[in-house]
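Please keep the sequence and the three-dimensional view side by side as you read, and turn the model whenever a new part is named. The paragraphs below move from strands to helices, then to the ligand, and end with some details of the backbone.

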Amino acid sequence: MSAALDPSRLEDAEAVEAADPGGMLRQVASSAAQVREAQRAAAEAGVAALAEDGRPRAVVVAGVGGSGIAGDVLAAVCGAGCAVPVFTVRGHRLPGWVGAADLVIAVSCSGTTAETLDVAAEAARRGCRLMFVGAPESPLADLADRSRALFVPVRSAGQPRSTLWGLTVPLVVAARTLRLVDVPDAVLESTATLLEDVAHRCRPSSEPFVNPAKRIALDLAGDVPLVWGTSPIAATAAYRTACQLNENAKYPAVSGEMPEAGHNQVAAFDGFFARGGSPADSGASDDDHFFRDRAEDPEHGLHLLVLRDVDEHPRVRARAEAAAALARDRGVVVTEIRAEGEHPLERIASLIASADYVTVYLAIALGVDPTPVPAIDELKARIT
Ligand SMILES: O=P(O)(O)OC[C@H]1O[C@](O)(CO)[C@@H](O)[C@@H]1O
């Protein structure tokens with residue numbers, strides 16, 4: 001497959017499936033089933049027993065890539081009002097302050113990831129409360145056995161990043177057991193239903209003019225995406241979107257959160273990647289060759305993808321809307337995706353699901369196989 005845009009690849013289900021040999025769309029479509037299966041898995045693993053030792057001082061989630069994001073989703077769903085800090089560690093080291101009063105949750109879909117295993121082992125040595133989530137019959141499962149950690153087995157949907165809900169729901173169930181967040185069963189079920197709705201709207205057989213994800217993917221192709229969230233919930237979805245653009249579409253992306261992005265990333269609207277370049281507005285001279293090159297490519301430039309939440313701070317909403325207007329004034333294309341539902345879990349799930357489809361359709365439209373990540377594999381191989 002060549003990495004060149006061909007919109008006909010998105011025309012019908014047959015074309016889409018031919019360009020998705022690893023079945024990434026099927027994996028994304030399994031999200032609702034993952035919510036339900038993981039809820040059962042958490043109950044069967046005995047997550048309810050966490051309540052016996054009361055609330056931890058902090059919840060530390062260890063994981064990287066598609067598994068590390070489970071910690072961010074947990075923190076976003078618990079929200080700023082959470083009684084204890086929820087913190088994600090993406091590396092080999094457990095912070096010095098973490099100890100026996102804290103709950104460490106290690107998440108690894110494969111159960112083999114070096115960073116996650118290192119942190120899990122360190123947490124066991126320090127006598128932390130432990131919960132591990134990931135593949136059964138894996139090094140992580142063995143470590144759970146040896147360290148008497150609560151272990152929730154997860155069946156991979158194919159790739160760690162497409163198993164997001166299988167990996168995240170056990171954490172949400174644990175947090176609710178510890179009374180850190182209110183997520184009744186009915187909300188887990190309405191979240192699953194919402195994920196099914198998004199999957200239906202974005203299904204491969206739905207044509208680009210009615211399929212929001214295909215339409216956004218085609219608009220985005222060739223542009224440089226800035227993905228912003230207008231709340232902590234939406235910003236977590238924005239970060240996930242950037243990672244999915246990287247891994248599924250092998251595409252660069254920058255993510256940000258409003259209001260912070262309005263204090264730095266917004267400056268890029270006047271720069272090299274502004275559509276067609278804008279020497280007059282930016283202060284660059286007419287013979288600045290960067291801007292001349294950009295002016296010769298007026299079709300492609302920055303693309304601001306704004307993930308809008310239902311619950312936005314009024315001043316952040318005003319800043320985000322003003323930033324979008326400022327972007328449009330400078331020729332930057334602005335696309336919005338709006339959260340659906342009321343509960344934070346529903347809202348983050350709806351944003352992530354919609355954006356996940358965009359990233360897979362972008363890959364397909366560009367002739368890129370969404371599933372394998374050869375550069376990640378090669379990087380791993382180079383250091384082992
Ligand atoms: O969930 P795991 O198996 O720990 O993997 C974490 C991350 O590592 C990778 O497998 C690649 O290094 C990613 O695909 C994944 O997101």
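This is a predicted model: local features need pLDDT of at least 70, side-chain atom pairs count only at pLDDT 80 or more; totals for chains, interfaces and linings use all residues.

Two strands are said to pair if DSSP finds at least two bridges between them.

How many of the residues of strand 3 are buried? Six of its six residues are buried, so the strand is mostly covered, where buried stands for a relative accessible area under 20%. Leu 103, Ile 105 and Val 107 point one way from the strand, while Val 104, Ala 106 and Ser 108 point the other way, and the residues of both groups are buried.

Elsewhere in the chain, four strands form an open sheet with parallel pairing, in the order 7-6-8-9. Its edge strands are strand 7, residues 254–257, and strand 9, residues 333–338, each of which pairs on one side only. From one strand to the next, the twist averages 20 degrees. Inside this sheet, strand 6, residues 224–229, pairs with strand 8, residues 302–308, over six parallel bridges, and one example to look for is Val 224, whose bridge partner in strand 8 is Leu 302. Helix 10, residues 232–249, lies across strand 6, strand 7 and strand 8, and runs at about 155 degrees to strand 6.

Leu 25 counts as buried, because its relative accessibility is 7%, which is under the 20% cut-off. Leaving aside residues up to four places away in sequence, Leu 25 touches Val 16, Asp 20, Pro 204, Tyr 357, Val 360, Tyr 361 and Ile 364. Leu 25 and Ala 199 are 174 residues apart in sequence, yet their C-alpha atoms are 9.2 Å apart in space.

Turning to the ligand, we find that the residues around it include Gly 65, Gly 66, Ser 67, Ser 108, Cys 109, Thr 113, Glu 247 and Lys 380. An oxygen atom of the ligand is 2.7 Å from a polar backbone atom of Gly 66. The side chain of Ser 67 has an N or O atom that is 2.4 Å from an oxygen atom of the ligand, and for the side chain of Lys 380 the corresponding distance is 3.1 Å. On its own the ligand has 390 Å² of accessible area, and the protein covers 89% of that area.

Finally, the backbone itself deserves a look. Met 258 and Pro 259 are joined by a cis peptide bond with an omega of about 15 degrees, and Pro 259 lies in the loop between strand 7 and helix 11, residues 279–282. Glu 137, although it is not a glycine, has a positive phi of about 50 degrees, and this residue is found in the loop between strand 4 and helix 6. Is Glu 137 buried or exposed? Glu 137 counts as exposed, because its relative accessibility is 80%. Arg 179 is likewise not a glycine and has a positive phi of about 60 degrees; Arg 179 sits in the loop between helix 7 and helix 8, and at 67% relative accessibility Arg 179 counts as exposed.

Conventions:
Residues are numbered from 1 along each chain as its sequence is written. Side-chain values use heavy atoms; hydrogens and water are left out. Helices (H or I, at least four residues) and strands (E, at least two) are DSSP runs, numbered from the N terminus. Axes are lines fitted to C-alpha atoms, for helices over the stretch in contact, and angles run from 0 to 180 degrees between N-to-C directions. Contact means heavy atoms within 4.5 Å. A residue is near a molecule or strand if one of its heavy atoms lies within 4 Å of it. A polar contact is a pair of N or O atoms within 3.5 Å; within protein, one must be able to donate a hydrogen and the other to accept it, and residues adjacent in sequence count only if both atoms are side-chain atoms. Accessible areas come from the Shrake-Rupley method with a 1.4 Å probe; for residues, only the protein chains shown count as cover. Buried means under 20% relative accessible area, exposed over 50%, partly exposed in between (1.4 Å probe, protein chains only).
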